[in-house]
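Please keep the sequence and the model in view while reading.

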Amino acid sequence: MFPKNRTDVEYELDEKARGTRLDGLNLVDIWKSFKPKHKHSHYVWNRTDLLALDPHTVDYLLGLFEPGDMQYELNRNNVTDPSLSEMVEMAIRILNKNPKGFFLLVEEAFALASQGGRIDHGHHEGKAKQALHEAVEMDQAIGQAGAMTSVEDTLTVVTADHSHVFTFGGYTPRGNSIFGLAPMVSDTDKKPFTSILYGNGPGYKVVGGERENVSMVDYAHNNYQAQSAVPLRHETHGGEDVAVFAKGPMAHLLHGVHEQNYIPHVMAYAACIGANRDHCASASSSSSPSPGPLLLLLALLPLGGLF
């Protein structure tokens, strides 16, 4: 977004946070200069400025809260970085002004788009605690969006583009910490194991020719890398089908097993966009059925075996 070696406003002394563009362009300034007349655009880089905005006076909003990836929710600076829920709330408050409805994409696969995108990063790094706290924040953001919209005119879709080789088991009883040990030891090497494990990733460790004894390490640490079966620098995606959840108009079209490319067709159909609009009200026929002014809220996240 910024020219090479441009100092970051938040991390002035961190060379890794400086701009990297070789063409000398400042894309934020360019964005500010291109807006229709009589429209109000705002650029914010911290939580305080974001929450201070009056959505009624905002037509266009660009928020860049980190020079790269957003911080994990467990590490988030509550002064400078907004939560995913706060970003979703402000987005809906601004978009709700449109009487024709809106489309909001809460992208969870890449952290540049939203804070919760680090679900994916947490799993790749084998840091299950970080990933699961990101998932909790994602759940809160979905709840926030639901509280601000209505199932009568809002189609909400939550899905994923992949899973992770992440699992938990070991017959853990009710009340056992998900980040704790299973209530049994291996019947092979007689060592304990955590409830959470990965099929592969950086948590693979051998100590003295044997599997590491996890009772000797701080397995509840935020950055603990859960044990994996195969050593890899980065854990991989999984290959099973992932879930798709939906509520609101035309949500009944999303059930069972579907190809991913089916989902946007359902959303277009629900929003009366595209060729198939026979179910929609037209200017010449007020008696035709119509879903009304539709608000589309799509949240994407790597489920990681959570649902």
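The UniProt annotation "binding site", taken from an unreviewed entry, covers D120, H124, D161, H162 and H237; UniProt positions are given in the numbering used here, feature names are shortened, and annotations may be inferred rather than shown by experiment. This is a predicted model, in which local features need pLDDT of at least 70 and side-chain atom pairs count only at pLDDT 80 or more, while totals for chains, interfaces and linings use all residues. Residues are numbered from 1 along each chain as its sequence is written, and side-chain values use heavy atoms, with hydrogens and water left out.

Among the annotated residues, D120 lies in helix 4 (residues 118-124); helices (H or I, at least four residues) and strands (E, at least two) are DSSP runs, numbered from the N terminus. D120 is buried, at 9% relative accessibility, where buried means under 20% relative accessible area, exposed over 50%, and partly exposed in between (1.4 Å probe, protein chains only). H237, by contrast, is partly exposed at 38% and is found in the loop between strand 11 (228-231) and strand 12 (244-247). Leaving aside neighbours within four places in sequence, H237 is in contact (heavy atoms within 4.5 Å) with D120, H124, H162, S163, H164 and V165. The side chains of H237 and H124 are also joined by a polar contact of 3.1 Å; such a contact is a pair of N or O atoms within 3.5 Å, where within protein one must be able to donate a hydrogen and the other to accept it, and residues adjacent in sequence count only if both atoms are side-chain atoms.

Attention now turns to charged pairs. The whole structure holds 7 salt bridges, each a side-chain nitrogen of Lys or Arg within 4 Å of a carboxyl oxygen of Asp or Glu. One of them joins E86 and R47 (2.7 Å, N to O). E86 lies in helix 3 (residues 84-95) and R47 in helix 2 (residues 47-52), so this pair ties together parts that are 39 residues apart in sequence. E86 is buried at 17%, whereas R47 is partly exposed at 23%.

For the chain as a whole, the secondary structure comes to 6 helices and 13 strands. Of the 307 residues, 40% count as buried. Residues 24 or more positions apart account for 63% of the contacts with a separation of 6 or more.
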